[in-house]
Every structure is written in structure tokens, then in C-alpha cells.
Amino acid sequence: MLSHLLRKFEITKSDLVRIVLGCAIMAFGVINVHEPAHITEGGVLGLGLFMKTVWGWNLAYVSPILDGICYLLGFSMLGKPFLKKASLATIFFAIFYYIFDQMGPVLPNLYAYPFWAAIAGGIFIGCGCGIVVTVGGCAGGDDALALVISKKTRWPISRAYLFTDFTVLALSLSYIPFTRLIFSFLTTVVSSFLIGQFELNMKVPAWKVSESGIEKNA
């Protein structure tokens, strides 16, 4: 069964471990830091948190739908191998979010310490997403959008992440006080920086942009 899964998604066992680990780290951070501290994120994750807060929609169900929309928008540019890994990451994030949501937070509530919540939240998201990016995929639809923007504009991927994050953070002003939103912006800066470090510190970039799409290097 595992061999079939690896062949179907065109990944190795090492890739699968990194996807699972990265998604688990992200989901753990959202449940234990972002939500209790009322610190949001940008991109699709932030949009999902917005929908959960305003309309009460469960992020475990909303996130895959939003990711799917983003993948469809970038399908012709990203390529099938990339989207296979991204889809697998979306599934694992939803699973881990559901599990950790049922467990509830296990870390101390950092609501009274928004600066440290922003730093901790950025570390969880940045490291989790960065680990997934190293396998040549992404950990959500906003990652796909960032890579599309990066190709179109020739921006570094970290700058593309900041652009998508800032757009959603502006929307979050409808339910998050401006002072709290400043710390949300800080957490996106931290996470974007860390994702960029994973990209820069790889011996060979995990993905490259070609005319046929975004493909993993050998």
C-alpha cells in the first residue's frame, strides 16, 4: 500500500516523511499558538482562520477547498508532479489539524504575550512549510500562489509569500484589532523569512521553474 502511494504521488519515503512532519508542525502551531493567541496568518491559512472566526467553519474542511481552488488556478503553470505533492500535503495538514483540534491546545496560552506568540507562530509555520517545500511541493494553496507569483514577477519566493500574506492580513482587520494585527504581520515576516532560508540552504533547489511547470530537481 505504501509503495503504491509513493508511486502514485511520485515521491520517495524520505519525501513522504518530510511532508508528514512539515504538515504536523504547521497544524500543531495553528492549534497551540495562532488560535489561542488570536494571531492570524496570511494566504490561504489566514483566509481559513478568517472563515472559522467569522462564520465558524472548520478549518479541517475549509482548507482543502481553498487549496483546491488555488491549485486549479495554477494548474497549467505548476505542473502535475508539483500538484501531486501539494495535494498530499493539503490532505495531511487537514488530518493533523483535525487531530490536534480534537486534542485541544497543550502549550501555555500566549494571548497575553503577543510578541512571543508571533515569533513562536512564525517558527512553527515557517519550519513546517519550509520542510514541505524542500521536497518540491508546497504546504497549501497560498504556497502554490506564491510560486506562481514568483515565476511571473521574478521575485524571490519569500517576497511572494509576503505579498499574499499582506493581502489576507488586510482582510483580517474586519475581526482582529489593528494592534493585534501588527503581531500577525510579524509572524508572517518570521515564517516567510524561515521558508526562504530553507530554500537558500538547500544544496540544490527543491524546485525549478520551467516552461512546462514547476518541477523538482534531480
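Begin by selecting Phe 28, Phe 96, Phe 100 and Phe 124, which ring pairs link into a cluster; rings of Phe, Tyr and Trp (its six-membered ring) pair if their centres lie within 6.5 Å. The model is predicted, so local features need pLDDT of at least 70 and side-chain atom pairs count only at pLDDT 80 or more, while totals for chains, interfaces and linings use all residues. Residues are numbered from 1 along each chain as its sequence is written, and side-chain values use heavy atoms, with hydrogens and water left out.

Next, keep Phe 96 and Phe 100, both in helix H6 (residues 80-103) and four residues apart, about one turn of the helix; helices here are DSSP runs of H or I with at least four residues, numbered from the N terminus. Their rings are stacked, 6.1 Å centre to centre with 20° between the planes, where stacked means planes under 30 degrees apart, edge-to-face over 60 and tilted the rest. Phe 96 is buried at a relative accessible area of 17%, and Phe 100 is buried at 14% (buried is under 20%, exposed over 50%, partly exposed in between, with a 1.4 Å probe and protein chains only).

Now select Trp 55 and Trp 57, whose ring centres lie 5.1 Å apart with planes at 35°, so this pair is tilted. Trp 55, at 48% relative accessibility, is partly exposed, and Trp 57, at 43%, is partly exposed too.

Finally, show helix H2 (residues 13-37) with helix H7 (residues 114-133), whose axes, lines fitted to C-alpha atoms over the stretch in contact, come within 7 Å and cross at roughly 160°. That makes H2 roughly antiparallel to H7 (angles over 145 degrees count as roughly antiparallel, under 35 as roughly parallel, 65 to 115 as roughly perpendicular and the rest as oblique).

Conventions: Axes fitted to C-alpha atoms, helices over the stretch in contact; angles between N-to-C directions. Helix = DSSP H or I, 4+ residues; strand = E, 2+ residues; numbered from the N terminus.
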